[in-house]
Structures are given as C-alpha cells and as structure tokens.
Amino acid sequence: MKIDTVIIGGGITGLSVAYHLKNKNYILLEKENVVGGLCKSVTDKNGFIYDYTGHLLHIKSEYVKKLVRKLLKKNLALKTRNSWIYSNNVFTRYPFQANLFGLPKNIIYECIEGLVRAKFTTYHLPLTTCCFHDWCLKTFGGGISKYFMLPYNEKLWKINLKNLTTDWLGKYVPQPTLQEVIKGAFTDDNKKMGYNATFFYPKTGGIQSLVDELKKNTCVIKTDIKILSVDISKKIVKTNNGDIQYKNLVSTIPLPEIAKLIKGLPENVKKASRKLKWTSVLNINLGIKRKNISDKHWIYFPEKKFNFYRAGFYRNFSESLCPDGTSSMYIEISYRNRKINKEKMFKKTIGELKSAGVLKSSDKIISECILDIPYAYVIYDENRKSSLKTIQNHLRKNFIFSIGRYGGWQYSTMEDAILEGKEITKWLK
Ligand SMILES: Cc1cc2nc3c(=O)[nH]c(=O)nc-3n(C[C@H](O)[C@H](O)[C@H](O)COP(=O)(O)OP(=O)(O)OC[C@H]3O[C@@H](n4cnc5c(N)ncnc54)[C@H](O)[C@@H]3O)c2cc1C
C-alpha cells in the first residue's frame, strides 16, 4: 500500500494530525483496540468513569478554545480551580508559595524569612548551575523549598533534583512576588494564580468525549496494529497487517519506542536514545459509597509519609462521572526503573488516605481501577536537550516527524498536542 502520510499513535496528537490533514491521503495506525492514548476514559461495570488521572483542559489559545467548543458543543463546562496542598496536618491553597495562610505560624515565619533572605542575597545573582534544586533555593528561599518545592518535586520526578534542569518550568511553577507571598500568608486571597486557575472539562463522558469527537472528524484509522519495523531508507512501515510505503511519517509514540522500531539507526542516535529518562505513574482510581467525599478538585501531597504525590476528585469535575450517592477519586504515584507491587501499593494508599482524613474508616470502596502509565513525565536532565537534538535531526532528515508529549519528548498538555498536530501538517508535502 502507498500512502502520503503515515501517522503512528492515536492519542490526541495523532488524532489532531489526522483531523487537520482533512481529506488528504493519510492513515493512522494505533496499537490498542481504541484510540485516545492518555485521553481515554474507562467506564467500569458500576458506572464509574475514570480518566488516566485528572485530564483537564487548560486552554490559552483562541484556536484551541474554538475547536474544543466546536467539537464538544454543549458538552463543555468551565470550572474554577479549587486545588489544595495537604501538609503539616492542614490544607492550604495551591500554589503553596503564594498561599501559606493556614499553616502553623512557625512554618509561615520560616518560609517568609527564607524568601526575604533569598531576595536580599542570592535572588539577583546568576545561577552557577542550572539545576532545579539550586533554582528553588535562590527563587523561593529555604522554607518554601523545604516544605513544598523540594519534597514534592522529588516525589514526582524520582531523581536527585540537582540532576533536574529548569528547562521544563515555563508556565508550570508560579513565581509570586514578595508582596504576593506576604499577602497570601495573611489572607486567603491568592486563589487565581498559575496557568490552571480555570479549566474546561466535558459535562459528560470524561475526557474521552473530546477524542471521540476528534475521531468522528477523521478518515482512516486502523486499530490493533503492531508495527514490526520502520525502514527509513525505503520509507516502508512493516506491520502485522502488511507493508505501507510512505512519503512522510508522523510518529507520536515515545521516542525510545520509535527508535527501537527503526532499522539501521546510526550508533550515535541509538546512544542518544538510551540517554532519555522518564517517570512512570501508577494511577489508582476508587469508587466510594459516600456522596461528596471532598469539595476540592485535587490535592498535592508533598510529605514523604504519603507515597502518592497528588489525588483528585472526579465528581467535582463532572457529576456524570459517578453514580448517584457515590464519589470517586484518582491517586497518582510516580515510579521509575522498577516493578511496582500494585496490590501492596493499593493497600498502602488506602491507609494513607485515611490517615490524611480524605477517606473515613467507615468508607466502603465499591469500585477499583488501577491504570498504569509507563511513560508519564519526561525527565529534563543535562542530557535531554542534546540527545533530543541528535535523534530529531536524524529523523527529520529522513522525513520522520516525531511529535507530541512523548514523540517530542517534552512536558506538554492536551492543548499543546492539538496545536502541534495542526502545525506539523504544514510540513507534510
Ligand atoms: C499523569 C498525567 C496527567 C496529565 N494531566 C493533564 C491535564 O490535566 N491536562 C492536560 O492538558 N494534559 C495532561 N497530561 C498530558 C496529556 O496526557 C498529554 O499531553 C497528551 O495526552 C499527549 O498525547 P499524545 O497523543 O502525544 O500521547 P499519548 O496519549 O501517549 O498517545 C500515544 C498513542 O500512541 C499509541 N502507541 C504507542 N506505541 C505504539 C506503537 N508501537 N504502535 C502504534 N501505536 C502506538 C498509544 O497506544 C497511544 O494511543 C497529563 C499527563 C499525565 C501523564
């Protein structure tokens, strides 16, 4: 078979490419029996709908807003974030650094004193290293770093923060002024800070509703496809369903995975691919026989005594996600380079949720759904930039466009995925 553009991977990036190619000659190949990737939703036999942890639409681009509205029509709600941090036995608003209000007085003092000290000493000096650890101390001072920035990020990234760069920070880490921090220590008023102060979410059907609508507007999708190899000299994708000759290949699967599929990759590209690092996430979803277990959207847990870094409450995104009289939640546990004992982790998690007061000892869990996300967060270490360049240069030279969160090896969102999928179509001649 001869096709102009072969798209590998039917997550939101691949679907966006297909959508924007309109009636052009393409085929999208997906290994699973359904498309959607991380934007799928799972419906269990009791009627609970679970996403792959919280998948909320934080949209800045007018184009994406318009597209999402066009696709979801009336099935779209705009929500104002209600997210919190649980530490030192109290809840404080997100972002921690701007909302110390409610913490014990000695901790507020330590955080403000540390920030003032940093502002007067290190803040204006150039960083001699580009590591996240030092950046936190310089930007936020000792207290905020100690109580949130360092423990939370250690838990999420699972590497020594001296080996994490700051290239990923962008919109993700709000940097309030000293005045804002002081105001947030004395009043409960800094609610709107950060890129995700509001978000869109489908009224029904979970985040999958969005990819379902995208899919309706695409043409040729083949699921259950196993890619056997990619021959870049002959421009042929070999699959369990036959060979496809292409002009352009758009890959949205993780970079280390496409590298394994390509025949005859030069040694330096293979070496670069082996240097890429990432974290995985175990996503425990629970259905609970109690209404309104929380009024919050999600909670961050920086302290070591909790094995999870974040937990969220689906019902507060949309009532349609759980049956009447129940609640449901997702819990996110980051891990790297090891097998995780799901059963042990599950038990531990329930115990810890009870100790935090999120679950009551009388709560009855009526639904469990454990989802694994093998590629979750791309690690920005000192090798990422140069390795990525080596791999992408080689792929581009050979008409392979590797894009998306894992194809482009980046910390990006659904909005970015939609935009990248649109943008790449300009290059597909
Ligand atoms: C824990 C977590 C929380 C997140 N929360 C949010 C959020 O709140 N808001 C937000 O905007 N973004 C969020 N994201 C990011 C969002 O999930 C991604 O930006 C987006 O889903 C990436 O889509 P993608 O198509 O690039 O990748 P994927 O969704 O990974 O899609 C890749 C597709 O390729 C397929 N595939 C893999 N290997 C092969 C193969 N060999 N052959 C064929 N097909 C293959 C997969 O099955 C999958 O369908 C979150 C991510 C994580 C991990």
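Visitor: How many Å separate the centres of domain 1 and domain 2, taken over C-alpha atoms?
Guide: This is a predicted model, in which local features need pLDDT of at least 70 and side-chain atom pairs count only at pLDDT 80 or more, while totals for chains, interfaces and linings use all residues. Residues are numbered from 1 along each chain as its sequence is written. Domain bounds come from an automatic or database domain assignment, which gives domain 1 (2-38 + 61-73 + 206-276 + 380-427), domain 2 (98-183) and domain 3 (278-378). Over C-alpha atoms, the centres of domain 1 and domain 2 are separated by 36 Å.

Visitor: How many charged residues are on the side of domain 1 that touches domain 2?
Guide: Two residues are in contact if their C-beta atoms, placed from the backbone, lie within 7 Å; the contact takes 5 residues from domain 1 and 6 residues from domain 2. Ala, Val, Leu, Ile, Met, Phe, Trp, Tyr, Cys and Pro count as nonpolar, Asp, Glu, Lys and Arg as charged, and the others, Gly among them, as polar. On the domain 1 side there are 2 nonpolar residues, no polar ones, and a charged count of 3.

Visitor: Which residues come nearest to the ligand?
Guide: A residue is near a molecule if its C-beta atom, placed from the backbone, lies within 6 Å of it. The shell divides into 14 nonpolar, 14 polar and 7 charged residues. Of the 35 residues around the ligand, the nearest are G9, G11, G37, G404 and T413.

Visitor: Between which domains does the ligand lie?
Guide: Both domain 1 and domain 3 give residues to the shell around the ligand. The ligand therefore lies between domain 1 and domain 3.

Visitor: Are α1 and α6 roughly parallel or roughly antiparallel?
Guide: Helices are DSSP runs (H or I, at least four residues), as are strands (E, at least two), numbered from the N terminus. Axes are lines fitted to C-alpha atoms, for helices over the stretch in contact, and angles run from 0 to 180 degrees between N-to-C directions; α1 and α6 (residues 208-216) pack at about 30°, with axes 9 Å apart. Angles under 35 degrees count as roughly parallel, over 145 as roughly antiparallel, 65 to 115 as roughly perpendicular and the rest as oblique. The α1 and α6 pair is therefore roughly parallel.

Visitor: Which residues of α6 make the contact with α1?
Guide: From α1, the contact uses I12, L15, S16 and Y19. The residues on both helices divide into 5 nonpolar, 1 polar and 1 charged. The α6 side consists of V211, L214 and K215.

Visitor: How are α3 and α4 oriented to each other?
Guide: The axes of α3 and α4 (residues 132-157) come within 7 Å and cross at roughly 165°. α3 and α4 are therefore roughly antiparallel.

Visitor: Which residues in α5 meet α3?
Guide: α3 and α5 (residues 178-186) pack at about 170°, with axes 11 Å apart. The α3 side has I108, I112, L115, V116 and K119. The residues of this contact divide into 8 nonpolar, no polar and 1 charged. Those in α5 are L178, V181, I182 and A185.

Visitor: What is omega for the cis peptide bond that joins Y94 and P95?
Guide: P95 lies in the loop between β7 (90-93) and α3 (105-120). For the cis bond from Y94 to P95, omega is about -5°.

Visitor: Which residue other than glycine has a positive phi near 50°?
Guide: The residue is found in the loop between β13 (278-288) and β14 (298-300). Its phi is near 50°, a positive value, and the residue is N292.
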